[in-house]
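I opened my notebook to look at how two chains meet. Here is what I looked up, entry by entry.

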Amino acid sequence: MKCIAEFLDFINTAMIIDATDNELDLPLVELGYWDSINAMRLMSRLESSFGIRISMNDYLQATTLRQLYELTMRAMA
Amino acid sequence: MIDSNIQSPLGAITQMRKAGFPIEQHHQLKTYLNALTNTDARLDAGISCRLLKMDNYLQGGGNSFRLGIVSNFSYQPIADILRTHLLARGIFPEFYLTDYNQYQYELLDANSGLYRSSPELTLCLLDEHSLLDELGSDWKVEDIEQGLHHKLHQLAQFAKQYQQQTGGLLIFNTLPLSRNTLQRCLDYRGRSQMSRWWAQFNADLCTLSETYRHVFVIDTQCLLSTDCALRDDRQGFYARMLMSNELLDALANEVATLVLASCGMAKKCLVVDLDNTLWGGILGDDGIEGVQLSNTASGDAFIHLQHAIKQLTTQGVLLAISSKNNHTNVIELLKKREDMVLKQDDFASIMASWRPKSEALKTISEVLNIGEDSLVFFDDSAFEREEVRLNCPKASVIMLGDDPAEYVTALVKDNYFCQLELSKEDYQRSQLYRTEVQRTSLRNETNSLEVFLQELQIKLRLFTPQENDLARISQLSLRTNQFNMTTIRMNEGEVRSWLAQPQHGIIALQSSDRFGDYGIIGCLFYHGDHHTLWIDNFLLSCRVFSRQLETAALNSLLNWANVKGYDNIHARYLPTPKNTQIANFYLQHNFTLIGNHESYSEYQYPLTEMASIPQHIELITSYQETN
């Protein structure tokens with residue numbers, strides 16, 4: 001994964017949403033289908049797709065897509 | 001990333017979602033859903049399809065099914081995955097879903113939302129926490145025995161209450177004992193006790209499906225034995241998802257099977273390829289002695305597959321061949337190779353030619369007189385599978401890997417042929433089709449139809465079905481399409497309820513001829529209303545068309561109604577795409593058309609004189625005595 005646009009594609013595919021650049025800084029709860037089950041689904045999808053392990057604490061603290069992107073990039077580094 | 005997604009089935013489904021699932025694409029949707037290969041994809045597709053509108057779906061020719069799910073944990077993924085499984089088979093699920101841990105209330109309270117939704121099937125999905133949560137954190141081994149005992153009693157209560165509140169099916173799953181739970185007990189001898197109680201509980205749970213006709217039990221342990229974890233600790237802890245998505249997917253596959261079976265949509269015929277499917281190698285190149293069966297090590301995998309197929313045929317699945325081969329060669333191989341498990345007699349139809357396989361499937365459907373949607377195609381060639389998928393889209397196509405050792409798993413995995421319960425007729429079916437060959441040769445030897453019918457020495461027994469016949473009556477009502485006057489589908493419970501009503505009855509038709517017994521091949525549903533006897537439905541299996549059995553049965557009923565003092569008979573015909581050939585049945589039997597409604601025609605028959613029974617049929621009736 002090279003850039004945030006690619007990350008957005010991944011999120012849209014995994015979460016079955018159609019988010020755009022404008023929604024990168026919105027609170028996640030305002031995205032479609034955002035609940036604990038789908039949040040966990042996204043976490044495990046991030047982990048399996050990018051071969052990373054995300055700590056639950058860090059994950060819960062990420063409240064926007066941009067913060068999720070940064071968290072993923074840190075975990076991949 | 002995006003480009004590759006558009007090519008994939010999941011990408012195509014995303015495109016459809018964005019376009020609002022246009023009706024004209026529903027057929028392709030089914031194809032794409034069937035092409036999904038893993039749990040994540042099925043889950044994502046199911047979420048996408050939440051936006052599919054039921055009205056649109058039904059307009060596109062699909063069916064709907066009311067399904068309830070209750071559970072002690074977060075089970076949302078199973079609903080989405082189940083949506084994928086069912087839409088892939090042409091059924092739109094109308095879900096009733098509640099928050100987790102409401103299952104006791106939903107199943108016990110007669111006024112619960114579950115019962116108000118009148119589910120056709122309810123899944124009561126439980127894991128070990130439904131028990132452990134009731135024990136508290138410091139349980140001792142002996143508490144488990146007590147808890148399991150209590151839980152079983154509770155589940156039996158659910159089954160009873162459910163039966164009183166609704167006519168649908170109730171599905172339980174066996175509760176797997178997790179390694180975590182067992183290993184928290186430090187007394188190793190105690191662990192054995194715990195395992196025994198647990199196994200006993202699951203065994204007793206399975207017994208519920210023998211006690212209650214509406215209860216079915218899915219063996220969770222058996223699904224776990226494939227490559228699939230019970231749960232992910234983090235998902236369990238943070239989202240209370242106590243089963244992994246892979247396990248939920250496997251469970252959803254079983255639930256979909258039960259839904260299909262209860263709709264009478266189980267498949268009827270397996271169509272197999274020959275070269276590199278039933279045997280190793282190419283008959284045309286390697287010759288009759290050269291193809292691989294018991295003569296090579298890798299041939300054993302094909303023999304193993306043939307045994308599995310043979311087992312399907314002994315349970316009523318029809319078997320046909322579609323092969324690009326020389327017909328004479330194929331017959332000769334079937335005769336000469338003694339290590340072939342499947343013999344010529346096992347095949348209800350053999351199509352060996354160089355024509356496209358989709359055409360062969362259509363011919364098989366005509367010869368066996370079953371719908372193309374009843375066929376399942378099994379072929380090692382991806383090219384042939386694609387050709388059939390495109391040109392005979394109603395048939396189901398099994399996805400095969402490249403190693404014959406994996407063929408059996410592919411054959412049975414999707415439960416295409418499963419029914420809620422098999423009847424005596426199912427176990428005899430292959431025999432029945434074999435005697436059909438003898439009948440055909442008699443027909444070819446005789447000059448006229450009259451002589452043929454005389455020579456058959458047909459017997460028809462008309463009787464009131466007993467308890468152990470009801471499964472077969474229900475099966476006929478669910479699976480008969482062509483000769484089905486009103487296409488009122490009834491599960492076994494509904495058949496029983498029908499008989500329990502005053503003035504209501506069923507007459508079963510059983511037939512035999514000099515070549516063998518057909519078993520129960522039809523039935524008449526009727527009820528009396530003052531001076532009128534209503535024929536609510538009349539159905540006949542396609543195997544016994546053109547023998548005038550329907551005339552004999554109808555006229556016997558007319559005469560009986562006459563003797564009983566009824567003034568007239570009323571009957572209806574409801575047209576469907578599949579039953580048009582019997583549209584004039586009542587007119588041909590001297591009924592008068594008295595009402596032409598949009599969805600049905602109504603006929604009347606004044607009971608004045610006795611109707612005659614066709615001479616070539618020996619009628620044995622006993623239903624009059626019991627009605």
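This is a predicted model: local features need pLDDT of at least 70, side-chain atom pairs count only at pLDDT 80 or more; totals for chains, interfaces and linings use all residues.

**Entry 1, the interface.** I looked for polar contacts (pairs of N or O atoms within 3.5 Å, one able to donate a hydrogen and the other to accept it; residues adjacent in sequence count only if both atoms are side-chain atoms), and found seven residue pairs across the interface of chain A and chain B, both residues at pLDDT 80 or more. On the side of chain A that touches chain B, helix H1 (4-15) and helix H2 (36-50) of chain A each supply at least two residues; helices here are DSSP runs of H or I with at least four residues. H2(A) gives the largest share of that side, nine residues.

Residues are numbered from 1 along each chain as its sequence is written, chains are lettered from A in the order in which they are written, and side-chain values use heavy atoms, with hydrogens and water left out.

I noted 21 residues from chain A and 20 residues from chain B in the contact, meaning heavy atoms within 4.5 Å. Next I counted six salt bridges between chain A and chain B (a side-chain nitrogen of Lys or Arg within 4 Å of a carboxyl oxygen of Asp or Glu). One salt bridge I looked up pairs Arg41(A) with Asp44(B), and their closest N and O atoms are 3.0 Å apart.
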